[in-house]
Amino acid sequence: MFWLVFVFTAIAVFLALMVYRVVAIVRMPLHLRWELAPVPHEKGKGKYGGSYFEEYEWWKKKRRTSLAGPVAYMAKEIFLLQSVWKNNRGFWPFSFALHTGIYLLIVTVFLHIVNALFIITGVTGTVLDVFRNIAAVAALAGDILGAIGAVGLILKRYLDPAFRNFTTFAAYFRLVFLGAIFISGAVAWFAVSAPMTEMSVFVKNLLTLNGGTAAVAPLAAHIIISALFIVYLPFTDMVHFVTKFFTYHAVRWNDAPQDSGMAEKLRGLAAQPLGWSADHITGGGEKNWEDLAVEDTGDREKH
């Protein structure tokens, strides 16, 4: 029963923590919008940084938006890491390798589930062999790329003074943890005679709640490290795979005109009291942000 309890508990904790973090983000106060051009969802204007605001009497016209623009932008950001390529090219090879390794690991898990369902439903022979071979290639490629990326980023952060000075222990720990997943996966791939068959049977036993679920030592180590990581993940900044949606769509690309709902939220935020004071601001709980916005502080010459 150990594997059933361990794996499903890890998955349940991960999902619960991720839901908690997403709900906490959704309930946060209204963000200060960037409104930085170009905005990909601007249909016909996104390429050159235009905006519907440049239209004469734009408030009388229906907004024309594009879904293809944001999808294309996010695809390049997710799979090609275009921001890293543009802003930190020295990091890009290792970051790209690490992220590709993670994506291939996710694909491998999906293929293990498919293979387990094939076994449960009695699909055997060529079809099962093909999917196992695809899983084998994806697993090995992902483990090698992921390990190269994790080790490369550790060395890059440690050896480059520009990054070593602000790289925290937690950042190193996360990379070591990820590296352990990929290295243990590669070891299992080579140490076990039929790793994909073993994993397919293991997942099948999980799905059928088989109390006799077992795994050979190399695979057991890989599974334990991976399960512990997904429990740890929601506590880290690696949840950017979720938070980026809010950063881009709710902050960076949010150019929607103010409506009654937004105005109500802003009034509520402006009514919050200031519990602090400074030389140029007198708060101390006696004023709110709206008072401050209309107050003449008398420090214009100084600042």
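Start by selecting Phe-229: beyond its neighbours within four places in sequence, this residue is in contact (heavy atoms within 4.5 Å) with Phe-177, Leu-178, Ile-181 and Met-238. What you are looking at is a predicted model, so local features need pLDDT of at least 70 and side-chain atom pairs count only at pLDDT 80 or more, while totals for chains, interfaces and linings use all residues. Residues are numbered from 1 along each chain as its sequence is written, and side-chain values use heavy atoms, with hydrogens and water left out.

**The cores**

Now widen the selection around Phe-229. A nonpolar core here is a set of buried Ala, Val, Leu, Ile, Met, Phe, Trp, Tyr and Cys residues joined through side-chain atoms within 4.5 Å. Buried means under 20% relative accessible area, exposed means over 50%, and partly exposed is in between, with a 1.4 Å probe and protein chains only. The largest nonpolar core has 20 residues, and Leu-98, Leu-178, Phe-229 and Met-238 have the most contacts inside it. Colour helix 1 (2-26), helix 5, helix 7, helix 9 (217-232) and helix 10 (240-252) to see the elements that give two or more residues to this core. Helices are DSSP runs of H or I with at least four residues, numbered from the N terminus. Which helix gives the most to this core? Helix 7 does, with five residues.

Next, pick Val-7, Ala-188, Val-192 and Ala-227, which are among the 16 residues of a second, separate core.

**Along helix 8**

Select residues 195-207 to bring up helix 8. Then highlight the buried residues of helix 8: Pro-195, Met-196, Met-199, Ser-200, Phe-202, Val-203, Asn-205 and Leu-206. What covers these residues? The cover includes helix 1, helix 4 (92-121), helix 5, helix 7 and helix 9. Just after helix 8, stop at Leu-209, which takes a positive phi of about 55°.

Ser-95 has its place in helix 4. Is Ser-95 buried or exposed? It counts as buried because its relative accessibility is 8%. Not counting residues up to four places away in sequence, Ser-95 touches Leu-81 and Leu-153.

His-99 also lies in helix 4, and at 19% relative accessibility His-99 counts as buried. With neighbours within four places in sequence set aside, His-99 is in contact with Leu-81 and His-240.

**Out to the surface**

Turn to Val-151, Leu-155, Tyr-158, Leu-159, Ile-183 and Val-187, which form a nonpolar patch on the surface with about 580 Å² of accessible area together. Such a patch joins nonpolar side chains (Val, Leu, Ile, Met, Phe, Trp, Tyr) within 5 Å, from residues with over 30% relative accessible area and no salt bridge. Accessible areas come from the Shrake-Rupley method with a 1.4 Å probe. Helix 5 (126-159) and helix 7 (169-191) each supply at least two of the patch residues, and helix 5 gives the most, with four. Zoom in on Leu-155 in helix 5: its relative accessible area is 44%, so Leu-155 is partly exposed.

Val-176 is found in helix 7 and counts as partly exposed, at 48% relative accessibility. From Val-176, draw a distance to Val-242: the two are 66 residues apart in sequence and 22 Å apart in space, C-alpha to C-alpha.

**Salt bridges**

Side chains of opposite charge can pair when their charged atoms come close. A salt bridge here is a side-chain nitrogen of Lys or Arg within 4 Å of a carboxyl oxygen of Asp or Glu, and the count comes to seven.

Begin with Glu-77 and Lys-244, whose side chains meet at 3.2 Å, N to O. Because Glu-77 lies in helix 2 and Lys-244 in helix 10, the pair ties together parts that are 167 residues apart in sequence. Glu-77 is buried, with a relative accessible area of 4%, whereas Lys-244 is partly exposed at 29%.

Glu-55 pairs with Lys-45, their closest N and O atoms being 2.8 Å apart, and Lys-61 meets Glu-55 at 3.6 Å, N to O. Lys-45 counts as buried at 11% relative accessibility, Glu-55 as partly exposed at 32%, and Lys-61 as partly exposed at 45%.

Technical notes: Patches are made of residues with over 30% relative accessible area and no salt bridge: like charges are joined within 9 Å, nonpolar side chains (Val, Leu, Ile, Met, Phe, Trp, Tyr) within 5 Å. The expected span of a helix is 1.5 Å times one less than its number of residues.
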